[in-house]
Amino acid sequence: MKNHPRLRISQSLIKDWWDYKEQKLCGPLWEALWVSRIITYDDISDSEVMKCGSRFEYELTGALDYYGKVPEIPCTKAGKPIAKMQYLLDLIPIFIEVVAKYNIEEIKINEIWEYNAGEYDCTVRPDMWCLVDKVPAVIDIKTTGLLSSRSSKFEDYGWDLESLPYKHKLVIQPIHTKFMATEVKHIQDVPFYWLIFSNTGSGEVEFIEARVEQDRLLNHVNMLDTLYGEIMDEIDLGIAKYPSVSSCKECPLKGNCTSRALAPVTKSILIR
Ligand code: SF4
């Protein structure tokens, strides 16, 4: 086995691993994010949607960005907030109403929870660790264009309520957070809520409690062990690269990558 840094398993690491397995994320990028940790999301995406989300969260809770700085407001050339940002800023009064209605208090922002699971560590950083009507709870703030649009049912990150329990890349967050609350805070089955704001100008806001069956929570430990073994095997065998013209063009590792795609790789189909 190669000598590699100790893994810190978060729900983001897990989701990115699943993206890698689906060939949606190139292996060296995954390793640079989660094993050597020489890059962050800021290095691989400067999407305006993400910037709007970060700034909005700052407006709501005071949360700073990864580097401890105040996230900037994405602006037009005329110096005004871009439309998605303005739509979110317009929803700030609703956040204040939510805090009052659900009696949310003693809010701690981005507290880091860590747990030594033997061969690896587990980590989670709840957006809001607080009391909801006097009960300790976690609230995660989301901004999205997929709250109730027609495609929200079919997208991995769409918030259609009926299909939500089956979306593994979304439900991993409450599962992992509840597991960590048990290990770190010694609270079984801590209440977990998503507070979701639409960035489309529709004005929609949803407050969703994610409840998780006990068996699913118990299985999470086994899932983590299996995942860790799978990751170590893959790293030792050699993690795969998935070059594509578009992803390589934006890749922060392209300077030293011999697999960089300057032209499309050949794909083939068989017509019967
Ligand atoms: S340049 Fe392309 S192939 Fe190389 S690591 Fe980046 S995305 Fe992968």
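**Figure 1. Pro-5 and its contacts.** In this predicted model, Pro-5 touches Val-35 and Ser-36, when residues up to four places away in sequence are not counted. Pro-5 and Ser-36 stand 31 residues apart in sequence, whereas their C-alpha atoms are 6.8 Å apart in space. The segment that holds Pro-5 is the one before strand E1. Is Pro-5 buried or exposed? Pro-5 has 9 C-beta neighbours inside 10 Å, and therefore it counts as exposed.

**Figure 2. The whole chain.** The secondary structure of the chain amounts to nine helices and eight strands. Along the principal axes, the C-alpha atoms fill a box of roughly 55 × 50 × 45 Å. A compact globule of 272 residues would have a radius of gyration near 19 Å, and the 20 Å of the chain agrees with this. Of the 272 residues, 22% count as buried. When contacts between residues at least 6 apart in sequence are considered, 58% of them join residues at least 24 apart.

**Figure 3. The open sheet of E1, E4 and E3.** Three strands form an open sheet with mixed pairing, and their order is E1-E4-E3. Strand E1 (8-9) and strand E3 (113-116) stand at the edges, and because each has a single partner strand, one side of each is left without a neighbour in the sheet. Strands of a sheet pair through backbone hydrogen bonds, either parallel or antiparallel. E1 and E4 run parallel and are joined by two bridges, while E3 and E4 pair in the antiparallel sense over four bridges. Which residue of E4 is the bridge partner of Arg-8? The partner of Arg-8 is Asp-121, and Asp-121 is also the bridge partner of Asn-116.

**Figure 4. The hairpin of E3 and E4, and the two faces of E4.** E3 and E4 form a hairpin with four residues between them, and in the turn Gly-118 has a positive phi of about 100°. Trp-113 has Val-124 in E4 as its bridge partner. In a regular strand the side chains alternate between the two faces of the sheet. For E4, the covered face consists of Cys-122 and Val-124, and the uncovered face consists of Asp-121 and Thr-123.

**Figure 5. The nonpolar cores.** The largest nonpolar core has 17 residues, and those that touch the most other members are Ile-9, Leu-13, Leu-29, Trp-30 and Met-180. Two or more residues of this core come from each of helix H1 (11-21), helix H2 (27-34), strand E4 (121-124) and helix H7 (168-185). Which element gives the most to this core? H7 does, with four residues. Another core, of 10 residues, lies apart from the largest one, and its members include Trp-129, Val-138, Ile-139 and Phe-192. In soluble globular proteins, nonpolar side chains tend to be buried together.

**Figure 6. Helix H2 and what covers it.** The buried residues of H2 are Leu-29, Trp-30, Glu-31 and Trp-34. Their cover includes H1 and helix H3 (41-44).

**Figure 7. The hairpin of E7 and E8.** Strand E7 (residues 192-198) pairs with strand E8 (residues 205-209) in the antiparallel sense, over five bridges. Ile-196 stands opposite Glu-206 in E8. Six residues lie between the two strands of this hairpin, where Gly-201 takes a positive phi near 90°.

**Figure 8. Helix H6 and the residue Asn-103.** How many of the 10 residues of helix H6 (residues 92-101) are buried? The number is zero, so H6 lies largely in the open. Just after H6, Asn-103 takes a positive phi of about 55°.

Notes:
Residues numbered from 1 in each chain as written. Predicted model: local features only at pLDDT ≥ 70, side-chain atom pairs only at ≥ 80, totals over all residues. Core = buried A, V, L, I, M, F, W, Y, C linked by C-beta atoms within 7 Å. Buried ≥ 20, exposed ≤ 12 C-beta atoms within 10 Å, placed from the backbone. Pairing = 2+ DSSP bridges. Rg over C-alpha atoms; globule rule 2.2 N^0.38 Å. Contact = placed C-beta atoms within 7 Å.
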